[in-house]
Amino acid sequence: KAESIHMKGLQLRMLLVAWSVAMVTAAPPLSTATFPVEDGPEDGPGCSKEQYKQRFGALPTYSLTTATTRPAIQSGFVVAKVSYDSLCPGGGSSFTASIKKQANMEIVIMSRSEPECAPAKRLSATFKHSEVVSVPLPAEVGTQKKFLAFPPDGEYELWLLAETEQAGPDFLGGSATHSLPFDASAILRAQPSPATSFVT
């Protein structure tokens, strides 16, 4: 009987080891993690982090902040607060917007140009420039709900863009009363996930 108990214990330990190895093997390495937007469900599972980052223009990638200005749509323009490194006084970058259509939604991606200024005005070291930009939506924009994509490692993955006439109290500062957790890549792949970060 003791030998039987010992064998059962050994078999249990072997099963636990086999399960642990299987879980480690099944976990995708960081370099192959996929991100939303670059490819739709019909094109593939997504793209690498570096490929996704290129959609946002000049490097280092800009950041979007929501603490003082919440991204919104105003008269056909995306209004959002951005920050990026620059050698040009006043920032020097311009932004353009593109649309990625998904089922029942449209993803807006803002791309930043390289900073431009006269050589004589260029600074000796980069500084962090912040501003509120107003970027026109492209002509192919539709009528579906629109989400603003955040660059990788941003505060959120997607932000539901509300339409407003101006950046009033609802979009300047205050607490994020419309927050709701959400996994952007899961939505774009139509696969729900418990790991979430989303704002409405």
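1. Is K101 buried, partly exposed or exposed? With a relative accessible area of 45%, K101 counts as partly exposed, where buried means under 20% relative accessible area, exposed over 50%, and partly exposed in between (1.4 Å probe, protein chains only).

2. On the basis of this note: the model is predicted, so that local features need pLDDT of at least 70 and side-chain atom pairs count only at pLDDT 80 or more, while totals for chains, interfaces and linings use all residues. Residues are numbered from 1 along each chain as its sequence is written, and side-chain values use heavy atoms, with hydrogens and water left out.

3. On the overall fold: the protein has three helices and 10 strands, taken as DSSP runs numbered from the N terminus (helices H or I, at least four residues; strands E, at least two). Of the 200 residues, 34% are buried. Among contacts (heavy atoms within 4.5 Å) with a separation of 6 or more, 66% are between residues 24 or more positions apart.

4. On the salt bridges: the count comes to five, a salt bridge being a side-chain nitrogen of Lys or Arg within 4 Å of a carboxyl oxygen of Asp or Glu. K101, E106 and K146 are linked in a network of such bridges. The side chains of K101 and E106 meet at 2.6 Å, N to O, whereas the closest N and O atoms of K146 and E106 are 3.4 Å apart. The latter pair links distant parts of the chain, since K146 lies in strand β7 (residues 145-149) and E106 in strand β5 (residues 105-112), 40 residues apart. E106 is buried, with a relative accessible area of 2%, and K146 also counts as buried, at 8%.

5. On a bridge within a helix: K53 and E50 form a salt bridge at 3.7 Å, N to O, and both lie in helix α2 (residues 49-54), three residues apart, about one turn of the helix. E50 is partly exposed, at 47% relative accessible area.

6. On the aromatic residues: six aromatic pairs are found in the whole structure, where rings of Phe, Tyr and Trp (its six-membered ring) pair if their centres lie within 6.5 Å, and planes under 30 degrees apart count as stacked, over 60 as edge-to-face and the rest as tilted. The rings of F56 and Y62 have centres 6.2 Å apart and planes at 70°, so this pair is edge-to-face.
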